[in-house]
Amino acid sequence: MTDPTSGLMPDPTAGPAAGPWWRDAVVYQVYPRSFADADGDGEGDLRGVRARLDHLADLGVDAVWLSPFYPSPMADGGYDVADYCDVDPRYGTLADFDLLVAEAAERGIRVIVDIVPNHCSAAHLWFRQALAAPPGSPERDRFIFRDEPNNWQSNFGGRAWTRVADGQWYLHLFDSGQPDWNWRNPDVVAMFEQVLRFWLDRGVAGFRIDVAAMLYKQEGLPDLPPDRQMAYLVPDGSPVPYEHQPELLDLYRSWRKILDSYPADAFPGPRGTVAEIWFDDATRAAPYLAGDGLAQLFNFRLMPAPWSAAEFRAVIEDSHRLAVETGGSVPWVLGNHDVPRMVTRYGVDQALVRNPTPDVLLGRIDVDRELGTRRARAAALLLLALPGAAYIYQGDELGLPEHLAIPDDERQDPMFERTARTFMGRDGCRVPLPWSGAAAPYGFADRPVRTWLPQPGDWAELAVERQRADPGSILALYRAALTERRRHPALGDGDMIWLDLGPDVLAFGREPGFVLVANLGAEPITLPAHNEVLLASGPLDGDLLPADTAVWLRTGV
Ligand code: NOJ
């Protein structure tokens, strides 16, 4: 057999990757309501995040992205923003936020915040003013009011329009508590510029842009074909009239100018944007990356993929090509607060991943947690070896499974009711983290408290404190991988060379002297020639790489 790693000689001149920090950053997503609860009310808060910053520093991440912590009635977990320039009292105060940014900076960690420009909350002052004003008024023009609705459906199920007292309807692509802004109104454009500056002035390193492709709607709001409704988390490639409108590119260019007006020569460095755009067709993503607009687009395409080397490889090839051809950055993502947790995704019958039955949508499914965890560990090594930036969702470093057994009357995600309880919603990946102890709330709060979503009874072994003491834990694996990633000149931004080790294997080399091999098949495979196993996601059997296991190898001289 020829040595598939030949040609991967180390390049002693290779230095740190050029380019802004975010091109190869590892960013940790904090969902504030579920990270850590300092005031003991059962919901996380900013003081809780501050108190646990050392967990993130130990893990070795470059930045945190905070999901929304702004004042909100919580119709959609805070993605219904009532005031873009403040902190919800349940999470603390602006002073807490400032301390968080400062204390994170002391640890070399940047803070990215979420900006939600497609919609606000029905409790936002401007929406309340719009309701109080007559049809045709300037106040109503900041939103999308019409005398007759079109046939669009909400991303969360049900109609995308709600009728107000005088008979007009307003558009909400999500919950009725989230009215869509009219981005053709200059007040809206100007307001968001102020919002960007407000947080940049407080030291943020950038923004995660929510629903970034939907801000502008096609003029005339044309009906959709009846068989072509919501495509939010499952894009199918065909455009809809509220996505990818050409005006977006100019808008993001103007935002980039604002970000670039902040000094880049000291911490946190150049300010970045990472856009939430679900695409399965790279040609749709390319225009955003090619210009001087968005810095990054999330790459969500591995999340819906079943555990299959062929499916993963197709996504990785296409996404990497997109990044190379545009010169853009498309950070890899395996989990977030909208998608079932990895351990559960990979621990179920993979035929059901793309074609879930009604029972699966309600979480009634057998999960092999041991198998799912083994695969999630291998996936972590894949994620952190791929070229470019990566995002880690809180709790994935602990191997948390999806909490499937939340009682119906404790579910909070509006998707549950809006889909007439046919989809369990996204609560199962948003459960408060276990930090320590034998029983709920597992140190999430330092007193017995009912957490805003219930925690399962068997999470003691997954708690941070337990895993820190166990060198074989998934937390230890993440820490080791992040340490190695910082140290190794081949990792982070750069290129990759595929190696062919069989149909069930993902294998690629990175210069200098690094190879990843992940066995997604059912049978062990022989490892290629190497000098050293740098890391393994599970026990090896001599030179055999068992099923559902990945390794990082040192190759070359
Ligand atoms: C994307 C967010 O990630 C999700 O949680 C939210 O429900 C929608 N955008 C609407 O803001």
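This is a predicted model: local features need pLDDT of at least 70, side-chain atom pairs count only at pLDDT 80 or more; totals for chains, interfaces and linings use all residues.
Close-up 1. Residues are numbered from 1 along each chain as its sequence is written, and side-chain values use heavy atoms, with hydrogens and water left out. S7 and S8 (residues 272–275) run parallel and are joined by four bridges. Two strands count as paired if DSSP finds at least two bridges between them; strands themselves are DSSP runs (E, at least two residues) and helices are runs of H or I with at least four residues, both numbered from the N terminus. Another parallel neighbour of S7 (residues 206–209) is S3 (residues 110–115), again with four bridges. In that pairing, Ile112 has Gly206 of S7 as its bridge partner.

**Close-up 2. Both faces of S7 are covered.** In a regular strand, side chains alternate between the two faces of the sheet. Gly206 and Arg208 lie on one side of S7, Phe207 and Ile209 on the other, and all of them are buried. Buried means under 20% relative accessible area, exposed means over 50%, and partly exposed is in between (1.4 Å probe, protein chains only). Helix H6 lies across S3 and S7, running at about 160 degrees to S3. For that angle, axes are lines fitted to C-alpha atoms, for helices over the stretch in contact (heavy atoms within 4.5 Å), and angles run from 0 to 180 degrees between N-to-C directions.

**Close-up 3. Eight strands make an open sheet with parallel pairing.** Follow the strands across in the order S9-S8-S7-S3-S2-S1-S11-S10. At the edges are S9 (296–297) and S10 (332–333), each of which pairs on one side only.

**Close-up 4. Trp199 takes part in ring pairs with Phe97 and Phe198.** Rings of Phe, Tyr and Trp (its six-membered ring) pair if their centres lie within 6.5 Å; planes under 30 degrees apart count as stacked, over 60 as edge-to-face and the rest as tilted. By this rule there are 33 aromatic pairs. Phe97 and Trp199 are edge-to-face, because their centres are 4.9 Å apart and their planes stand at 75 degrees. This pair links distant parts of the chain, with Phe97 in helix H3 (residues 94–106) and Trp199 in helix H6 (residues 186–201), 102 residues apart. Both Phe97 and Trp199 are buried. The rings of Phe198 and Trp199 have centres 4.9 Å apart and planes at 80 degrees, so that pair is edge-to-face too. How accessible is Phe198? With 21% relative accessibility, Phe198 counts as partly exposed, while Trp199 is buried at 1%.

**Close-up 5. An aromatic cluster includes Phe145, and the charged end of Arg140 sits over the ring of Phe145.** Among the members of this one cluster are Tyr84, Trp126, Phe127, Phe143, Tyr170 and Trp255. Arg140 has its charged end 4.6 Å from the ring centre of Phe145. A charge sits over a ring if NZ of Lys or CZ of Arg is within 6 Å of the ring centre and within 35 degrees of the ring normal. Elsewhere, Arg411 lies over the face of Phe416, at 5.7 Å from the ring centre.

**Close-up 6. A salt bridge joins Arg468 to Asp58.** A salt bridge is a side-chain nitrogen of Lys or Arg within 4 Å of a carboxyl oxygen of Asp or Glu, and the count comes to 44. The closest N and O atoms of Arg468 and Asp58 are 2.5 Å apart. Arg468 is in helix H15 (residues 464–468) and Asp58 in helix H2 (residues 53–59), so the pair ties together parts that are 410 residues apart in sequence. Arg468 is partly exposed at 42% relative accessibility, and Asp58 is partly exposed at 34%.

**Close-up 7. Glu484 forms a salt bridge with Arg487.** The closest N and O atoms are 2.4 Å apart. Glu484 and Arg487 are three residues apart in helix H16 (residues 474–487), so about one helical turn separates them. Buried or exposed? Glu484 counts as buried at 12% relative accessibility, whereas Arg487 is exposed, with a relative accessible area of 54%.

Close-up 8. Asp413 lies in the loop between strand S11 (390–393) and helix H14, and is buried at 3% relative accessibility. Leaving aside neighbours within four places in sequence, Asp413 is in contact with Gly425, Arg426, Asp427 and Arg430.
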